[in-house]
Amino acid sequence: MSLLSLSQIGKTFPNGTRALDQLDLAVSRGDFISLLGPSGCGKSTALRLIAGLERADSGTLTWDEAKPDIGFVFQDPTLMPWANVFDNVFLPLRLKGVTRADATPKIMDALTRVGLGDFADSFPRELSGGMKMRASIARALVLRPALLLMDEPFAALDEITRLKLNRDLLELQAELGMTVIFVTHSVYESAYLSSRICVFSNRPGHIIETIDVGPSGPRGEEFRLTSAYLETCQRASAALEQAMERA
Amino acid sequence: MKTARILPLLTFVALLLGWEALVHIQNIPAYVLPAPSRIFVALREDWELLSAALFVTLKITVLALALATGIGVALAILFAQSTWLERTFFPIAVILQVTPIIAIAPLLLIYLDAGTAVLACAFLVAFFPILSNTALGLSSTDHNLRDLFDLYGASRWQQMRLLRLPSALPYFLGGLRIAGGLALIGAIAAEIAAGASGQGAGLAYRILEAGYRLNIPRMFAALVLISVAGIAIWLALEFVSTRLLARWHESTRARSP
């Protein structure tokens, strides 16, 4: 079932950079789509367009039904340093006018899902990088969004934390039945997470190759040892190299 | 780290003892340089007069600081609404700031009665650091957080209250600490300019008056009170600042050496 489609999207920034050109992308419910590409290829811009934080100059972005609630996770955890974890996760509900009392069960549920149930009273500076990112994900999940947008969320984390968060993210997606669009420049991350990988080429950004990986859902560590995974990595790497050559 | 606290105190006491010894050994008369003990005696003898003067000066300083905080923050919020407003009115604030207050005071004394003029001077010097720091803080909000607020459809007022004001708080508090000291300086400068017409009789007026009478110990005693008042204001604002930022801001984070 389709969720949204982007058709012939173009975007030029005021400084003249052509960020996106003739971008086509169809997203179905339950997809886990990775936008994979070199830095500055417009994949973050595509994500911001979908979120409604930017407007396209040309082309159309169509939601199948009304625009759903969207969760957004940035590369930085982007927590409010003056508020504790609870209040940070409360923010989306608070802006929608939900009272603290009504919000509390939802907040605690989101925190428990990301493994931060015991850290509601902590302040961001008291948390490790991985825990801050978990808090940021809890905030994105608290509205139970149909669509979760993630802009290189784990790029700044260490390898072990990153692998753990990748695994947890797939479980969360399955539990909550979300669609995820995930921007990354890591071939291995995209191959592990995605049901579909869209490889972006440099300026102007557009998709040069789409790789179908298989149905989305939780994947164990052993998935990284399968021949299908290795084949996906090879194809994605080749496409990425091609994208870099064009730059 | 006890030595870190004791060392400045010891230095200060040693300085006072040296001063005391110098005056006694050289037999310097009190009307040239009074010894610390003599200043202390003046402080006790003239306490009624001086404490009343201290109260007057402190009252003006605190009132000016409160006015400066209210108006400075309100203007900064107004400027944050549009760059057009900011570009139009900020230069006026700069002009008021760069013109030395001691030069403006005589003029204000012509237009206003002495008490109001002193208050206006203290306000004028205290107001700028609050305005400029708060304005800087309001425009330094994290861009990702602003995007996040946009994404969730936050109203302008919600953005201001929940995002921009809290993130401007450390900047505002930095401005407030500067303004606290400046308000006292502004009040004293204006009292000096007001001179004999200073009916309110603050500490600066008492210094002038004692000077005419060559009552040097009392001049020093009033000076001590001004310093103490300045230190007290600074400590109070420092306390407020640390309390407000205690759990989240980097400035309050303890570091192991």
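Q: How many bridges join strand S1 (residues 2-12) of chain A to S4(A), and which way do the two run?
A: Five bridges, and S1(A) and S4(A) run antiparallel. Strands here are DSSP runs of E with at least two residues, helices are runs of H or I with at least four, and both are numbered from the N terminus. This is a predicted model: local features need pLDDT of at least 70, side-chain atom pairs count only at pLDDT 80 or more, and totals for chains, interfaces and linings use all residues. Residues are numbered from 1 along each chain as its sequence is written, while chains are lettered from A and ligands numbered from 1 in the order in which they are written.

Q: Which residue in S4(A) is the bridge partner of A:Ser7?
A: A:Thr60.

Q: What's the strand order in that open sheet?
A: S2-S1-S4 in chain A, with antiparallel pairing; strands pair if DSSP finds at least two bridges between them. S2 (18-28) and S4 (58-63) of chain A are at the edges with a single partner strand each, so one side of each has no neighbour in the sheet.

Q: And what lies across S1, S2 and S4 of chain A?
A: H1(A), running at about 60° to S2(A). Axes are lines fitted to C-alpha atoms, for helices over the stretch in contact, and angles run from 0 to 180 degrees between N-to-C directions.

Q: Switching to chain B: which residues of helix H7 (residues 143-151) are buried?
A: B:Leu145, B:Leu148, B:Phe149 and B:Leu151. Buried means 20 or more other C-beta atoms, placed from the backbone, within 10 Å of the residue's own; exposed means 12 or fewer, and partly exposed is in between.

Q: What do the buried residues of H7(B) pack against?
A: Helix H1 (43-51) and strand S5 (70-73) of chain A, together with helix H8 (156-194) of chain B. Contact means C-beta atoms, placed from the backbone, within 7 Å.

Q: Anything just after H7(B), and what phi does B:Gly153 take there?
A: B:Gly153 has a positive phi of about 65°.

Q: How many residues of chain A are in contact with chain B?
A: 14, in contact with 14 residues of chain B. On the chain A side, S5 and helix H2 (85-95) each supply at least two residues. By class that side has eleven nonpolar, one polar and two charged residues. Ala, Val, Leu, Ile, Met, Phe, Trp, Tyr, Cys and Pro count as nonpolar, Asp, Glu, Lys and Arg as charged, and the others, Gly among them, as polar.

Q: Last one: what share of the 247 residues in chain A is buried?
A: 43%.

How values were computed:
Contact = placed C-beta atoms within 7 Å.
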